[in-house]
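Here are some notes to read alongside the model.

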Amino acid sequence: MTLLEADNLAINFGGITALAGVSFEVRAGEVLTIIGPNGAGKTTIFNLVSRIYDPTRGRLSFCGEDITRVPPHEIARRGIARTFQNIELFEHATVLHTHKRSRFVEELLFLPRVRALELEHRGAVEKVIDFLDLQPYRDSLIVNLPYGVRKVVEMARALCTQPKLLLLDEPSSGLSVEETEEMAFWIQDIRTLLGITVLMVEHDMSLVSAVSDRVVALNYGLVIAAGTPRDVQAHPDVVKAYLGS
Amino acid sequence: MRFLFKTSYAQELGLFRDNVQRNWYVALFAALLVLPRVVPDYVGDISLVFIYGLCGLSLMVLAGYTGLISLGHAAFLGIGAYAHVFFAHDLQLPWIVSVALACVITAAAGVLVGLPALRMTGVYLTIATLAFALIIQEIFSRWDRVTGGLKGKPVDKPVLFGFSFASELAFYFLCLALLIGALWLTANLLRAPTGRAWVAIRDSEIAAQSMGVNVAVYKTMAFAYSAALMGVAGALFAHKISFLAPDIFSVLLSIQLLLMVVVGGLGSLHGALYGAVFVAILPVLISQARDAVPAWHGLDRFVKQPGLEPGLFGLILVLFILFEPLGIYGRWMKVKLYFAMFPLYKRATFKRQKAYMRSERLR
(Lines give C-alpha, C1' and ligand atoms only; values in the text may rest on other atoms or scores of the structure.)
Protein backbone atom coordinates (compact mmCIF):
# COMPACT_ATOMS: atom_id res chain seq x y z
CA MET A 1 0.00 0.00 0.00
CA THR A 2 1.31 3.42 -0.88
CA LEU A 3 1.35 5.86 2.04
CA LEU A 4 2.96 8.92 0.49
CA GLU A 5 3.23 9.56 -3.20
CA ALA A 6 5.14 12.32 -4.91
CA ASP A 7 4.27 12.80 -8.55
CA ASN A 8 6.55 14.83 -10.78
CA LEU A 9 7.42 17.23 -7.94
CA ALA A 10 9.32 20.35 -9.00
CA ILE A 11 10.30 23.62 -7.35
CA ASN A 12 12.30 26.64 -8.47
CA PHE A 13 13.88 29.26 -6.24
CA GLY A 14 14.15 32.18 -8.65
CA GLY A 15 16.30 30.86 -11.48
CA ILE A 16 17.54 27.85 -9.57
CA THR A 17 15.79 24.57 -10.10
CA ALA A 18 16.05 22.66 -6.83
CA LEU A 19 13.81 19.81 -7.93
CA ALA A 20 13.13 19.11 -11.58
CA GLY A 21 10.28 16.59 -11.50
CA VAL A 22 10.82 13.96 -8.81
CA SER A 23 8.47 11.01 -8.46
CA PHE A 24 8.65 8.39 -5.74
CA GLU A 25 6.36 6.53 -3.40
CA VAL A 26 6.67 5.53 0.23
CA ARG A 27 4.98 2.20 1.03
CA ALA A 28 3.34 1.68 4.40
CA GLY A 29 5.69 0.04 6.89
CA GLU A 30 8.97 0.56 5.08
CA VAL A 31 12.03 2.68 5.69
CA LEU A 32 12.84 4.68 2.57
CA THR A 33 16.05 6.68 2.43
CA ILE A 34 16.82 9.54 0.11
CA ILE A 35 20.52 9.95 -0.60
CA GLY A 36 22.45 12.27 -2.82
CA PRO A 37 25.33 14.76 -2.84
CA ASN A 38 24.99 18.24 -1.31
CA GLY A 39 22.46 20.38 -3.10
CA ALA A 40 20.71 17.41 -4.71
CA GLY A 41 17.36 18.55 -3.25
CA LYS A 42 16.91 16.08 -0.38
CA THR A 43 15.89 18.53 2.34
CA THR A 44 13.79 20.43 -0.22
CA ILE A 45 11.66 17.31 -0.61
CA PHE A 46 11.14 17.27 3.16
CA ASN A 47 10.19 20.93 3.19
CA LEU A 48 7.72 20.26 0.39
CA VAL A 49 6.17 17.31 2.21
CA SER A 50 5.88 19.27 5.46
CA ARG A 51 4.40 22.11 3.33
CA ILE A 52 6.91 24.79 4.27
CA TYR A 53 7.51 25.32 0.54
CA ASP A 54 4.92 25.36 -2.24
CA PRO A 55 5.88 23.21 -5.22
CA THR A 56 6.05 24.94 -8.60
CA ARG A 57 4.70 21.84 -10.25
CA GLY A 58 3.64 18.34 -9.29
CA ARG A 59 1.41 16.65 -6.76
CA LEU A 60 1.78 15.18 -3.28
CA SER A 61 -0.71 12.69 -1.90
CA PHE A 62 -0.82 11.11 1.54
CA CYS A 63 -3.12 8.14 2.30
CA GLY A 64 -4.79 8.73 -1.04
CA GLU A 65 -5.59 12.40 -0.28
CA ASP A 66 -4.06 15.34 -2.11
CA ILE A 67 -1.96 17.36 0.36
CA THR A 68 -0.29 19.67 -2.16
CA ARG A 69 -2.18 22.75 -0.88
CA VAL A 70 -2.79 21.82 2.76
CA PRO A 71 -1.56 24.47 5.31
CA PRO A 72 1.65 23.47 7.18
CA HIS A 73 0.02 23.13 10.61
CA GLU A 74 -2.52 20.65 9.16
CA ILE A 75 0.22 18.23 8.18
CA ALA A 76 0.80 17.07 11.77
CA ARG A 77 -2.92 16.31 12.20
CA ARG A 78 -2.90 14.21 9.05
CA GLY A 79 -0.13 12.06 10.51
CA ILE A 80 3.19 13.35 9.22
CA ALA A 81 5.84 14.40 11.72
CA ARG A 82 9.38 15.52 11.04
CA THR A 83 12.71 16.29 12.59
CA PHE A 84 15.15 18.93 11.37
CA GLN A 85 18.76 18.56 10.37
CA ASN A 86 19.89 21.42 12.58
CA ILE A 87 17.62 20.58 15.49
CA GLU A 88 14.68 22.89 16.03
CA LEU A 89 13.71 22.41 19.64
CA PHE A 90 11.98 24.58 22.17
CA GLU A 91 15.12 25.56 24.02
CA HIS A 92 13.65 26.76 27.23
CA ALA A 93 11.08 24.07 27.64
CA THR A 94 11.83 20.99 29.61
CA VAL A 95 11.89 17.72 27.73
CA LEU A 96 8.47 17.01 29.07
CA HIS A 97 6.83 20.24 28.00
CA THR A 98 8.12 19.97 24.50
CA HIS A 99 6.23 16.80 24.11
CA LYS A 100 2.70 17.75 24.99
CA ARG A 101 0.33 18.90 22.22
CA SER A 102 -2.85 21.13 21.78
CA ARG A 103 -10.78 25.61 23.46
CA PHE A 104 -9.80 28.89 24.82
CA VAL A 105 -12.42 29.66 27.49
CA GLU A 106 -12.15 26.15 28.90
CA GLU A 107 -8.41 26.55 29.15
CA LEU A 108 -8.76 29.99 30.69
CA LEU A 109 -10.75 28.48 33.56
CA PHE A 110 -8.88 25.19 33.46
CA LEU A 111 -12.07 23.16 33.51
CA PRO A 112 -11.98 19.42 34.37
CA ARG A 113 -12.05 18.51 30.69
CA VAL A 114 -8.81 20.39 30.06
CA ARG A 115 -7.28 18.65 33.06
CA ALA A 116 -8.37 15.22 31.76
CA LEU A 117 -6.99 16.01 28.32
CA GLU A 118 -3.71 17.16 29.81
CA LEU A 119 -3.40 13.91 31.78
CA GLU A 120 -4.11 11.95 28.62
CA HIS A 121 -1.44 13.85 26.70
CA ARG A 122 0.91 13.31 29.56
CA GLY A 123 0.33 9.55 29.40
CA ALA A 124 1.07 9.52 25.67
CA VAL A 125 4.23 11.57 26.22
CA GLU A 126 5.42 9.23 28.97
CA LYS A 127 5.06 6.30 26.58
CA VAL A 128 7.37 8.01 24.11
CA ILE A 129 9.82 8.90 26.89
CA ASP A 130 9.87 5.25 27.96
CA PHE A 131 10.23 4.06 24.39
CA LEU A 132 13.28 6.23 23.69
CA ASP A 133 14.84 5.86 27.16
CA LEU A 134 14.65 9.57 27.92
CA GLN A 135 13.67 9.21 31.59
CA PRO A 136 16.92 10.72 32.97
CA TYR A 137 16.31 13.93 31.01
CA ARG A 138 12.61 14.27 31.78
CA ASP A 139 12.91 17.47 33.79
CA SER A 140 15.98 19.06 32.25
CA LEU A 141 15.99 22.10 30.00
CA ILE A 142 16.84 21.45 26.36
CA VAL A 143 19.66 24.03 26.44
CA ASN A 144 21.48 21.92 29.01
CA LEU A 145 21.34 18.65 27.06
CA PRO A 146 24.20 17.25 24.96
CA TYR A 147 23.76 17.25 21.21
CA GLY A 148 23.27 13.49 20.86
CA VAL A 149 20.45 13.54 23.40
CA ARG A 150 18.83 16.55 21.72
CA LYS A 151 18.72 14.58 18.51
CA VAL A 152 16.77 11.80 20.26
CA VAL A 153 14.57 14.39 21.99
CA GLU A 154 13.75 15.88 18.63
CA MET A 155 12.73 12.47 17.35
CA ALA A 156 10.65 12.02 20.51
CA ARG A 157 8.95 15.38 19.85
CA ALA A 158 7.99 14.19 16.40
CA LEU A 159 6.73 10.85 17.75
CA CYS A 160 4.49 12.62 20.27
CA THR A 161 2.17 13.71 17.49
CA GLN A 162 1.54 9.96 16.93
CA PRO A 163 2.32 10.05 13.23
CA LYS A 164 1.85 7.48 10.50
CA LEU A 165 4.85 8.78 8.63
CA LEU A 166 8.01 10.07 10.26
CA LEU A 167 10.40 12.26 8.28
CA LEU A 168 13.94 12.17 9.62
CA ASP A 169 16.31 14.80 8.23
CA GLU A 170 19.84 13.51 8.65
CA PRO A 171 19.35 11.71 11.96
CA SER A 172 23.06 10.91 12.27
CA SER A 173 24.52 14.36 11.53
CA GLY A 174 26.68 15.59 14.38
CA LEU A 175 26.57 12.26 16.16
CA SER A 176 29.46 10.02 17.18
CA VAL A 177 29.83 6.49 15.74
CA GLU A 178 28.23 4.94 18.80
CA GLU A 179 25.37 7.40 18.83
CA THR A 180 24.80 6.66 15.13
CA GLU A 181 24.60 2.93 15.86
CA GLU A 182 22.10 3.67 18.59
CA MET A 183 20.13 5.80 16.17
CA ALA A 184 19.90 2.80 13.82
CA PHE A 185 18.29 0.79 16.62
CA TRP A 186 15.81 3.58 17.37
CA ILE A 187 14.78 3.76 13.72
CA GLN A 188 14.32 -0.02 13.51
CA ASP A 189 12.30 0.01 16.73
CA ILE A 190 10.10 2.86 15.50
CA ARG A 191 9.34 0.85 12.38
CA THR A 192 8.89 -2.62 13.89
CA LEU A 193 7.46 -1.85 17.34
CA LEU A 194 5.43 1.29 16.63
CA GLY A 195 4.64 0.42 13.02
CA ILE A 196 5.54 3.91 11.80
CA THR A 197 6.73 4.34 8.23
CA VAL A 198 9.99 6.25 7.99
CA LEU A 199 11.22 8.50 5.21
CA MET A 200 14.72 9.75 5.85
CA VAL A 201 17.52 11.74 4.37
CA GLU A 202 20.90 10.41 5.34
CA HIS A 203 24.55 10.58 4.36
CA ASP A 204 26.02 7.89 6.58
CA MET A 205 25.94 4.83 4.31
CA SER A 206 26.42 2.38 7.20
CA LEU A 207 23.21 3.70 8.78
CA VAL A 208 21.45 3.71 5.40
CA SER A 209 22.29 0.06 4.64
CA ALA A 210 21.50 -1.00 8.20
CA VAL A 211 17.94 0.32 8.33
CA SER A 212 16.52 1.08 4.90
CA ASP A 213 14.39 -1.22 2.74
CA ARG A 214 14.71 0.97 -0.33
CA VAL A 215 16.90 3.85 -1.33
CA VAL A 216 16.24 6.69 -3.77
CA ALA A 217 19.30 8.55 -5.05
CA LEU A 218 18.98 12.17 -6.19
CA ASN A 219 21.32 14.42 -8.10
CA TYR A 220 20.61 17.96 -9.33
CA GLY A 221 16.93 17.60 -8.49
CA LEU A 222 16.38 14.38 -10.44
CA VAL A 223 16.05 10.74 -9.37
CA ILE A 224 19.08 8.89 -10.74
CA ALA A 225 18.55 5.48 -9.11
CA ALA A 226 16.11 3.62 -6.91
CA GLY A 227 16.09 0.15 -5.37
CA THR A 228 17.67 -1.80 -2.55
CA PRO A 229 20.56 -0.10 -0.69
CA ARG A 230 23.11 -2.42 -2.29
CA ASP A 231 21.86 -1.91 -5.84
CA VAL A 232 21.74 1.85 -5.52
CA GLN A 233 25.23 2.03 -3.99
CA ALA A 234 26.62 0.04 -6.92
CA HIS A 235 24.67 1.99 -9.58
CA PRO A 236 27.16 3.64 -11.99
CA ASP A 237 25.26 6.98 -12.01
CA VAL A 238 25.35 7.14 -8.21
CA VAL A 239 29.06 6.43 -8.11
CA LYS A 240 29.54 9.09 -10.74
CA ALA A 241 27.45 11.64 -8.83
CA TYR A 242 29.46 11.15 -5.66
CA LEU A 243 32.95 10.76 -7.10
CA GLY A 244 32.76 12.56 -10.40
CA SER A 245 33.41 10.81 -13.71
CA MET B 1 18.35 20.60 48.92
CA ARG B 2 14.81 19.29 48.79
CA PHE B 3 13.67 16.81 46.15
CA LEU B 4 10.08 16.39 45.18
CA PHE B 5 8.80 12.84 44.97
CA LYS B 6 6.13 12.75 42.30
CA THR B 7 3.55 10.00 42.37
CA SER B 8 0.98 11.13 39.81
CA TYR B 9 0.81 13.22 36.64
CA ALA B 10 -1.92 15.35 38.21
CA GLN B 11 0.68 16.65 40.66
CA GLU B 12 2.36 18.58 37.87
CA LEU B 13 -0.86 20.16 36.71
CA GLY B 14 -1.39 22.05 39.96
CA LEU B 15 -0.88 25.82 40.14
CA PHE B 16 1.73 25.38 42.85
CA ARG B 17 4.72 23.08 42.92
CA ASP B 18 3.86 21.61 46.31
CA ASN B 19 2.06 22.42 49.55
CA VAL B 20 5.05 24.36 50.87
CA GLN B 21 4.92 26.72 47.93
CA ARG B 22 1.14 27.04 48.24
CA ASN B 23 1.48 27.96 51.91
CA TRP B 24 3.95 30.71 51.02
CA TYR B 25 1.44 32.18 48.59
CA VAL B 26 -1.30 32.00 51.24
CA ALA B 27 1.05 33.81 53.62
CA LEU B 28 1.78 36.44 50.95
CA PHE B 29 -1.96 36.92 50.38
CA ALA B 30 -2.54 37.32 54.12
CA ALA B 31 0.30 39.86 54.27
CA LEU B 32 -1.28 41.83 51.40
CA LEU B 33 -4.59 41.86 53.29
CA VAL B 34 -3.05 43.45 56.40
CA LEU B 35 -0.52 45.59 54.52
CA PRO B 36 -2.78 48.70 54.27
CA ARG B 37 -2.97 48.71 58.10
CA VAL B 38 0.81 48.56 58.40
CA VAL B 39 1.63 51.27 55.86
CA PRO B 40 -1.59 53.35 55.51
CA ASP B 41 0.29 56.21 53.78
CA TYR B 42 1.37 54.04 50.86
CA VAL B 43 -1.95 52.32 50.01
CA GLY B 44 -2.35 54.40 46.85
CA ASP B 45 1.18 53.59 45.68
CA ILE B 46 0.70 49.90 46.28
CA SER B 47 -2.52 49.87 44.23
CA LEU B 48 -0.45 51.43 41.43
CA VAL B 49 1.97 48.51 41.79
CA PHE B 50 -0.98 46.13 41.32
CA ILE B 51 -2.04 47.99 38.17
CA TYR B 52 1.53 47.85 36.88
CA GLY B 53 1.43 44.15 37.73
CA LEU B 54 -1.54 43.71 35.39
CA CYS B 55 0.38 45.59 32.66
CA GLY B 56 3.42 43.41 33.29
CA LEU B 57 1.32 40.28 33.06
CA SER B 58 -0.05 41.47 29.73
CA LEU B 59 3.33 42.21 28.24
CA MET B 60 4.80 39.04 29.75
CA VAL B 61 2.32 36.90 27.81
CA LEU B 62 3.28 38.64 24.60
CA ALA B 63 7.01 39.31 25.00
CA GLY B 64 8.02 36.75 27.58
CA TYR B 65 6.00 33.74 26.46
CA THR B 66 5.23 34.27 22.78
CA GLY B 67 8.44 36.16 21.99
CA LEU B 68 6.73 39.14 20.32
CA ILE B 69 8.31 42.34 21.64
CA SER B 70 5.85 45.24 21.63
CA LEU B 71 6.68 48.91 22.11
CA GLY B 72 3.04 49.91 21.75
CA HIS B 73 1.49 48.67 24.93
CA ALA B 74 0.88 52.17 26.29
CA ALA B 75 -1.61 52.51 23.41
CA PHE B 76 -3.55 49.45 24.59
CA LEU B 77 -3.52 50.88 28.13
CA GLY B 78 -4.86 54.13 26.69
CA ILE B 79 -7.54 52.42 24.61
CA GLY B 80 -8.68 50.50 27.70
CA ALA B 81 -8.71 53.67 29.83
CA TYR B 82 -10.57 55.87 27.32
CA ALA B 83 -13.02 53.12 26.35
CA HIS B 84 -13.86 52.43 30.00
CA VAL B 85 -14.33 56.11 30.82
CA PHE B 86 -16.48 56.58 27.71
CA PHE B 87 -18.76 53.63 28.58
CA ALA B 88 -18.92 54.32 32.32
CA HIS B 89 -19.35 58.13 32.20
CA ASP B 90 -20.73 59.14 28.82
CA LEU B 91 -22.98 56.11 28.36
CA GLN B 92 -23.57 55.50 32.10
CA LEU B 93 -23.11 51.74 31.81
CA PRO B 94 -22.55 49.67 34.98
CA TRP B 95 -18.89 49.40 36.01
CA ILE B 96 -18.43 45.69 35.26
CA VAL B 97 -20.10 45.95 31.85
CA SER B 98 -17.95 48.95 31.05
CA VAL B 99 -14.71 47.15 31.97
CA ALA B 100 -15.78 44.08 30.01
CA LEU B 101 -16.53 46.23 26.94
CA ALA B 102 -13.18 48.04 27.33
CA CYS B 103 -11.58 44.59 27.40
CA VAL B 104 -13.35 43.53 24.21
CA ILE B 105 -12.35 46.74 22.43
CA THR B 106 -8.68 46.49 23.40
CA ALA B 107 -8.68 42.81 22.41
CA ALA B 108 -10.08 43.82 19.01
CA ALA B 109 -7.32 46.45 18.74
CA GLY B 110 -4.85 43.70 19.64
CA VAL B 111 -6.12 41.52 16.81
CA LEU B 112 -5.86 44.51 14.48
CA VAL B 113 -2.18 44.94 15.37
CA GLY B 114 -1.61 41.19 15.48
CA LEU B 115 -2.78 40.51 11.93
CA PRO B 116 -0.13 42.49 10.03
CA ALA B 117 2.33 41.45 12.73
CA LEU B 118 2.08 37.86 11.49
CA ARG B 119 4.23 38.80 8.54
CA MET B 120 6.82 40.60 10.63
CA THR B 121 9.34 39.24 13.05
CA GLY B 122 11.79 40.62 15.56
CA VAL B 123 12.69 44.28 15.43
CA TYR B 124 10.30 45.01 12.52
CA LEU B 125 7.35 43.96 14.62
CA THR B 126 8.58 46.22 17.42
CA ILE B 127 8.79 49.14 14.97
CA ALA B 128 5.25 48.42 13.75
CA THR B 129 3.86 48.41 17.31
CA LEU B 130 5.73 51.66 17.99
CA ALA B 131 4.06 53.22 14.95
CA PHE B 132 0.69 51.92 16.14
CA ALA B 133 1.23 53.56 19.55
CA LEU B 134 2.02 56.92 17.91
CA ILE B 135 -1.08 56.74 15.70
CA ILE B 136 -3.30 55.87 18.65
CA GLN B 137 -1.87 58.72 20.73
CA GLU B 138 -2.70 61.08 17.85
CA ILE B 139 -6.26 59.71 17.76
CA PHE B 140 -6.58 60.31 21.53
CA SER B 141 -5.74 63.97 21.08
CA ARG B 142 -7.95 64.53 17.98
CA TRP B 143 -11.14 62.57 18.72
CA ASP B 144 -12.51 65.26 21.09
CA ARG B 145 -16.05 63.90 21.36
CA VAL B 146 -14.91 60.66 22.96
CA THR B 147 -11.56 61.43 24.50
CA GLY B 148 -11.90 65.08 25.42
CA GLY B 149 -8.89 65.80 23.21
CA LEU B 150 -5.96 67.75 24.59
CA LYS B 151 -8.17 69.27 27.32
CA GLY B 152 -8.29 65.84 28.88
CA LYS B 153 -11.09 64.06 30.66
CA PRO B 154 -11.79 63.76 34.40
CA VAL B 155 -12.52 60.29 35.81
CA ASP B 156 -14.84 59.54 38.74
CA LYS B 157 -14.19 56.89 41.37
CA PRO B 158 -15.48 53.41 40.54
CA VAL B 159 -18.93 52.40 41.82
CA LEU B 160 -19.67 48.65 41.88
CA PHE B 161 -23.09 47.22 42.75
CA GLY B 162 -23.93 50.49 44.49
CA PHE B 163 -20.73 50.37 46.55
CA SER B 164 -18.36 53.25 46.02
CA PHE B 165 -14.65 52.51 45.78
CA ALA B 166 -13.81 56.15 46.47
CA SER B 167 -11.47 55.43 49.37
CA GLU B 168 -7.88 54.42 48.67
CA LEU B 169 -8.39 51.32 50.77
CA ALA B 170 -11.41 50.05 48.81
CA PHE B 171 -9.60 50.72 45.54
CA TYR B 172 -6.58 48.80 46.85
CA PHE B 173 -8.69 45.67 47.35
CA LEU B 174 -10.37 46.11 43.96
CA CYS B 175 -6.98 46.20 42.23
CA LEU B 176 -5.70 43.26 44.27
CA ALA B 177 -8.76 41.16 43.41
CA LEU B 178 -8.45 41.89 39.69
CA LEU B 179 -4.71 41.19 39.72
CA ILE B 180 -5.19 37.82 41.43
CA GLY B 181 -7.99 36.97 38.99
CA ALA B 182 -5.81 37.85 36.01
CA LEU B 183 -2.88 35.86 37.44
CA TRP B 184 -5.11 32.84 37.88
CA LEU B 185 -6.48 33.02 34.32
CA THR B 186 -3.02 33.53 32.83
CA ALA B 187 -1.49 30.69 34.84
CA ASN B 188 -4.33 28.46 33.62
CA LEU B 189 -3.64 29.33 30.01
CA LEU B 190 0.06 28.75 30.45
CA ARG B 191 -0.39 25.22 31.81
CA ALA B 192 -2.83 24.34 29.01
CA PRO B 193 -2.11 23.66 25.33
CA THR B 194 -2.44 27.38 24.45
CA GLY B 195 0.46 28.34 26.71
CA ARG B 196 2.59 25.55 25.34
CA ALA B 197 1.83 26.61 21.80
CA TRP B 198 2.95 30.18 22.69
CA VAL B 199 6.22 28.97 24.18
CA ALA B 200 6.73 26.70 21.18
CA ILE B 201 6.31 29.66 18.81
CA ARG B 202 8.79 31.67 20.86
CA ASP B 203 11.48 29.02 20.76
CA SER B 204 11.07 27.70 17.21
CA GLU B 205 8.29 28.78 14.91
CA ILE B 206 9.01 26.13 12.35
CA ALA B 207 9.08 23.27 14.85
CA ALA B 208 5.83 24.58 16.37
CA GLN B 209 4.32 24.47 12.90
CA SER B 210 5.48 20.93 12.26
CA MET B 211 3.87 19.92 15.56
CA GLY B 212 0.52 21.16 14.30
CA VAL B 213 0.45 24.64 15.88
CA ASN B 214 -1.33 27.18 13.68
CA VAL B 215 1.21 29.95 14.18
CA ALA B 216 -1.03 32.72 12.81
CA VAL B 217 -3.95 31.85 15.11
CA TYR B 218 -1.84 31.55 18.25
CA LYS B 219 0.10 34.75 17.59
CA THR B 220 -3.14 36.68 17.08
CA MET B 221 -4.52 35.06 20.22
CA ALA B 222 -1.49 36.17 22.22
CA PHE B 223 -1.97 39.73 20.96
CA ALA B 224 -5.69 39.71 21.77
CA TYR B 225 -5.23 38.22 25.25
CA SER B 226 -2.38 40.57 26.07
CA ALA B 227 -4.39 43.57 24.88
CA ALA B 228 -7.46 42.45 26.86
CA LEU B 229 -5.41 42.33 30.08
CA MET B 230 -4.12 45.78 29.20
CA GLY B 231 -7.77 46.87 28.86
CA VAL B 232 -8.50 45.93 32.48
CA ALA B 233 -5.29 47.61 33.60
CA GLY B 234 -6.30 50.69 31.58
CA ALA B 235 -9.69 50.93 33.31
CA LEU B 236 -8.08 50.77 36.76
CA PHE B 237 -5.31 53.13 35.67
CA ALA B 238 -7.92 55.71 34.60
CA HIS B 239 -9.46 55.64 38.09
CA LYS B 240 -6.05 55.75 39.68
CA ILE B 241 -4.81 58.87 37.89
CA SER B 242 -8.40 60.32 37.86
CA PHE B 243 -7.65 62.47 34.79
CA LEU B 244 -6.95 61.25 31.27
CA ALA B 245 -4.82 63.18 28.82
CA PRO B 246 -3.26 61.92 25.57
CA ASP B 247 0.32 62.71 26.62
CA ILE B 248 0.16 60.12 29.44
CA PHE B 249 0.11 57.26 26.94
CA SER B 250 3.39 58.19 25.33
CA VAL B 251 6.16 56.03 23.96
CA LEU B 252 7.97 56.64 27.23
CA LEU B 253 5.24 54.71 29.06
CA SER B 254 5.59 51.87 26.55
CA ILE B 255 9.32 51.75 27.22
CA GLN B 256 8.62 51.75 30.95
CA LEU B 257 6.30 48.77 30.48
CA LEU B 258 8.91 46.89 28.48
CA LEU B 259 11.51 47.81 31.10
CA MET B 260 9.21 46.18 33.61
CA VAL B 261 9.19 42.75 31.98
CA VAL B 262 12.88 42.78 31.03
CA VAL B 263 14.02 43.86 34.49
CA GLY B 264 11.58 41.48 36.15
CA GLY B 265 12.71 38.58 34.01
CA LEU B 266 11.25 37.49 30.68
CA GLY B 267 9.37 34.23 30.68
CA SER B 268 8.03 34.07 34.23
CA LEU B 269 4.91 35.41 35.90
CA HIS B 270 6.97 36.24 38.97
CA GLY B 271 9.12 38.43 36.77
CA ALA B 272 6.14 40.56 35.72
CA LEU B 273 5.36 41.30 39.37
CA TYR B 274 8.97 41.94 40.40
CA GLY B 275 9.21 44.31 37.45
CA ALA B 276 6.04 46.10 38.53
CA VAL B 277 7.47 46.71 42.00
CA PHE B 278 10.74 47.89 40.47
CA VAL B 279 9.12 50.32 38.03
CA ALA B 280 6.89 51.74 40.77
CA ILE B 281 9.80 52.27 43.17
CA LEU B 282 12.23 53.58 40.53
CA PRO B 283 10.89 57.18 40.26
CA VAL B 284 11.03 57.46 44.07
CA LEU B 285 14.64 56.25 44.10
CA ILE B 286 15.55 58.62 41.26
CA SER B 287 14.10 61.66 42.99
CA GLN B 288 15.80 60.76 46.25
CA ALA B 289 19.12 60.24 44.47
CA ARG B 290 18.67 63.64 42.79
CA ASP B 291 18.25 65.40 46.09
CA ALA B 292 21.38 63.71 47.41
CA VAL B 293 23.62 65.02 44.58
CA PRO B 294 25.95 67.74 45.96
CA ALA B 295 26.07 71.24 44.46
CA TRP B 296 29.45 70.74 42.85
CA HIS B 297 30.14 72.71 39.64
CA GLY B 298 26.42 72.91 39.01
CA LEU B 299 26.05 69.12 39.07
CA ASP B 300 22.87 69.35 41.13
CA ARG B 301 21.22 71.53 38.48
CA PHE B 302 22.39 69.11 35.74
CA VAL B 303 20.77 66.05 37.33
CA LYS B 304 17.49 67.96 37.79
CA GLN B 305 16.94 68.28 34.04
CA PRO B 306 13.65 66.63 33.07
CA GLY B 307 15.07 64.62 30.11
CA LEU B 308 17.34 62.57 32.33
CA GLU B 309 14.70 60.11 33.51
CA PRO B 310 13.94 58.41 30.16
CA GLY B 311 17.68 58.16 29.55
CA LEU B 312 18.09 56.44 32.88
CA PHE B 313 15.29 53.99 32.01
CA GLY B 314 17.10 53.13 28.78
CA LEU B 315 20.39 52.69 30.63
CA ILE B 316 18.82 50.30 33.14
CA LEU B 317 17.25 48.32 30.29
CA VAL B 318 20.60 47.97 28.51
CA LEU B 319 22.47 47.05 31.69
CA PHE B 320 19.95 44.33 32.52
CA ILE B 321 20.06 42.85 29.02
CA LEU B 322 23.88 42.79 29.22
CA PHE B 323 24.43 41.52 32.73
CA GLU B 324 21.25 39.81 33.88
CA PRO B 325 19.13 38.77 30.90
CA LEU B 326 16.95 36.70 33.19
CA GLY B 327 16.09 39.78 35.24
CA ILE B 328 15.33 40.02 38.93
CA TYR B 329 13.59 36.65 38.83
CA GLY B 330 16.72 35.05 37.35
CA ARG B 331 18.89 36.63 40.05
CA TRP B 332 16.47 35.34 42.70
CA MET B 333 16.71 31.81 41.28
CA LYS B 334 20.51 32.01 41.42
CA VAL B 335 20.51 33.18 45.01
CA LYS B 336 18.07 30.42 45.92
CA LEU B 337 20.16 27.78 44.18
CA TYR B 338 23.30 29.12 45.86
CA PHE B 339 21.85 28.43 49.29
CA ALA B 340 20.21 25.16 48.26
CA MET B 341 23.50 23.80 46.89
CA PHE B 342 25.81 25.39 49.46
CA PRO B 343 28.80 24.88 49.41
CA LEU B 344 28.69 23.20 45.99
CA TYR B 345 27.20 26.02 43.87
CA LYS B 346 28.61 26.14 40.34
CA ARG B 347 28.55 29.45 38.52
CA ALA B 348 28.44 27.61 35.20
CA THR B 349 24.94 26.30 35.93
CA PHE B 350 23.45 29.49 34.55
CA LYS B 351 26.07 30.21 31.93
CA ARG B 352 24.53 31.07 28.63
CA GLN B 353 25.26 28.51 25.94
CA LYS B 354 25.56 29.26 22.30
CA ALA B 355 22.83 27.61 20.28
CA TYR B 356 24.04 24.83 18.04
CA MET B 357 24.16 25.53 14.34
CA ARG B 358 21.35 27.98 14.10
CA SER B 359 22.70 29.51 10.90
CA GLU B 360 20.68 27.38 8.54
CA ARG B 361 17.30 28.07 10.04
CA LEU B 362 14.52 28.20 7.53
CA ARG B 363 13.06 31.44 8.85
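1. In chain B, α7(B) and α10(B) are roughly antiparallel to each other, a label for angles over 145 degrees, while under 35 counts as roughly parallel, 65 to 115 as roughly perpendicular and the rest as oblique. Helix α7 (residues 168–190) of chain B and helix α10 (residues 215–241) of chain B cross at roughly 175°, and their axes come within 11 Å. Axes here are lines fitted to C-alpha atoms, for helices over the stretch in contact, and angles run from 0 to 180 degrees between N-to-C directions. Helices (H or I, at least four residues) and strands (E, at least two) are DSSP runs, numbered from the N terminus.

2. Who touches whom in that pair? From α7(B) come B:Phe171, B:Cys175, B:Leu178 and B:Ala182, and from α10(B) come B:Leu229, B:Val232, B:Leu236 and B:His239; contact means C-beta atoms, placed from the backbone, within 7 Å. Seven of these residues are nonpolar, one is polar and none is charged (nonpolar: Ala, Val, Leu, Ile, Met, Phe, Trp, Tyr, Cys and Pro; charged: Asp, Glu, Lys and Arg; polar: the others, Gly among them).

3. A word on the ground rules: this is a predicted model, where local features need pLDDT of at least 70 and side-chain atom pairs count only at pLDDT 80 or more, though totals for chains, interfaces and linings use all residues. Residues are numbered from 1 along each chain as its sequence is written, and chains are lettered from A and ligands numbered from 1 in the order in which they are written.

4. Also in chain B, helix α2 (residues 43–65) and helix α12 (residues 269–292) pack with their axes 7 Å apart, at an angle of about 135°. That makes α2(B) oblique to α12(B). The residues of this contact divide into 12 nonpolar, five polar and one charged.

5. Over in chain A, an open sheet of four strands runs in the order β2-β1-β4-β5, with antiparallel pairing (strands pair if DSSP finds at least two bridges between them). Its edge strands are β2 (16–27) and β5 (65–66) of chain A. Two bridges join β4 (residues 57–62) of chain A to β5(A); A:Ser61 has A:Asp66 as its bridge partner.

6. Helix α1 (residues 42–49) of chain A lies across β1 (2–13), β2 and β4 of chain A, at about 70° to β2(A).

7. How confident is the predictor in chain A? The average pLDDT, a per-residue confidence from 0 to 100, is 84. Over residues 95–102 of chain A, however, the pLDDT is below 50.

Key
Contact = placed C-beta atoms within 7 Å.
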